[in-house]
Amino acid sequence: MRMLKGHQGAVRCLAYSPDGERMASGGDDQDIRLWSRDGQPLGQLTTHGDWIRALEFSRDGKMLLSASWDDTVVQWNVTRQKKALQMAGFHGGAWSLAFAPSGETLAVGAGDGKVRLLRGLEDRNPLTVPAHRWPVAAVAFTPDGQSLLTASHDNTVRIWTAAWCRDQGILVGHKDWVRTIAVSPSGRIAASGADDGRIFLWSLSEKRQVGLLVGHKEAVARVAFCPDGRGLISVGWDGTARLWDTRTATQCNAYDWQTGRLLSLSIAPNGMTAAAGAENGTLIIWDLDPLDE
């Protein structure tokens, strides 16, 4: 386990590059920091005027996107560490980002409850859908690229066609703000976490709850599936990271590094390590335990 220092405020978002060689972190200090896979600092990107809420690498790892409460999404050239493009007009702040598996479509969730689908990063006329009544805290595509899931502070998760954002259904059950959504590598199961500390598992084909994970004492900030599709990692305001077995809906391990609230999470593509970002500016990288057969 390694603890990295550098941020001067809460670390609200993390992303590993597709090859696992780099990691990006962003947060309240309005800076993006680049790290090697072993935690060495590689650079710092600065342009935003408010908190950075989401980060996403392009499929080839050459570009990094950052979403901020300053109502913008910025595209960065990772190699040159230079701003390549800035997109504005995400009213209420840009809260969440996700690339479609093809890498050609970008979904952005905003504070005004709208989702924008950009067909290429220079799309000046994105498809805009009033998806929720409150901020869209998380967005995620299914692995086949056919559907888009959105999670909101209106306590719901919604499913849309990825092509034109046509309504495919609503997942209802959370009693508080939904902050995070993730889809399993198979595309059959989704996991959502909310401020009541509960994580729901959903069957996407049946559009119903099929599991409940209980353990966090406060809000669940992020969830992410392990590459094997069985393990799920969550981090929360109670300061813990937890490893779950989604097949049995049981907790396998819990970690508490005494850093205070954990707000962000990313799993390395090889599934061997994970990283979490804390409210006090600390970034933790740790080795993941394999699930028992």
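This is a predicted model: local features need pLDDT of at least 70, side-chain atom pairs count only at pLDDT 80 or more; totals for chains, interfaces and linings use all residues.
## Aromatic, charged and cysteine side chains

W69 counts as partly exposed, because its relative accessibility is 27%, which falls between the limits of 20% and 50% that separate buried from exposed residues.

**Aromatic pairs**

- Across the whole structure, a search finds seven aromatic pairs; one of them joins W51 and W69, whose rings are stacked with 4.9 Å from centre to centre and 15° between the planes.
- This pair links distant parts of the chain, since W51 belongs to the loop between β5 (41-46) and β6 (52-57), while W69 belongs to the loop between β7 (63-68) and β8 (73-77), with 18 residues separating the two.
- Y255 and W257 also make a stacked pair, because their planes meet at 10°, under the limit of 30 degrees for stacking, and their ring centres are 5.6 Å apart.
- Y255 is buried, at a relative accessible area of 13%, and W257 is buried as well, with a value of 13%.

**Arginines over tryptophan rings**

- R119 is placed over the face of W164, where the distance to the ring centre is 5.3 Å.
- R261 is placed over the face of W237, and here the distance to the ring centre is 3.8 Å.

**The surroundings of H132**

- H132 sits in the loop between β13 (127-130) and β14 (136-141), and it is buried, having a relative accessible area of 7%.
- Through its side chain, H132 makes a polar contact with the side chain of D154, at a distance of 3.0 Å.
- When neighbours within four places in sequence are set aside, the residues in contact with H132 are D112, G113, T150, A151, S152, D154, T156 and R158.

**Cysteines**

- A search of the whole structure finds zero disulfides.
- For C252, the closest cysteine sulfur is that of C226, and because the two sulfurs are 9.6 Å apart they are too far from one another for a bond, given that a disulfide requires sulfur atoms within 2.5 Å.
- C252 is partly exposed, with a relative accessible area of 39%, whereas C165 is buried, with a relative accessible area of 7%.

Technical notes
Residues are numbered from 1 along each chain as its sequence is written. Side-chain values use heavy atoms; hydrogens and water are left out. Rings of Phe, Tyr and Trp (its six-membered ring) pair if their centres lie within 6.5 Å; planes under 30 degrees apart count as stacked, over 60 as edge-to-face and the rest as tilted. Helices (H or I, at least four residues) and strands (E, at least two) are DSSP runs, numbered from the N terminus. Buried means under 20% relative accessible area, exposed over 50%, partly exposed in between (1.4 Å probe, protein chains only). A charge sits over a ring if NZ of Lys or CZ of Arg is within 6 Å of the ring centre and within 35 degrees of the ring normal. A polar contact is a pair of N or O atoms within 3.5 Å; within protein, one must be able to donate a hydrogen and the other to accept it, and residues adjacent in sequence count only if both atoms are side-chain atoms. Contact means heavy atoms within 4.5 Å.
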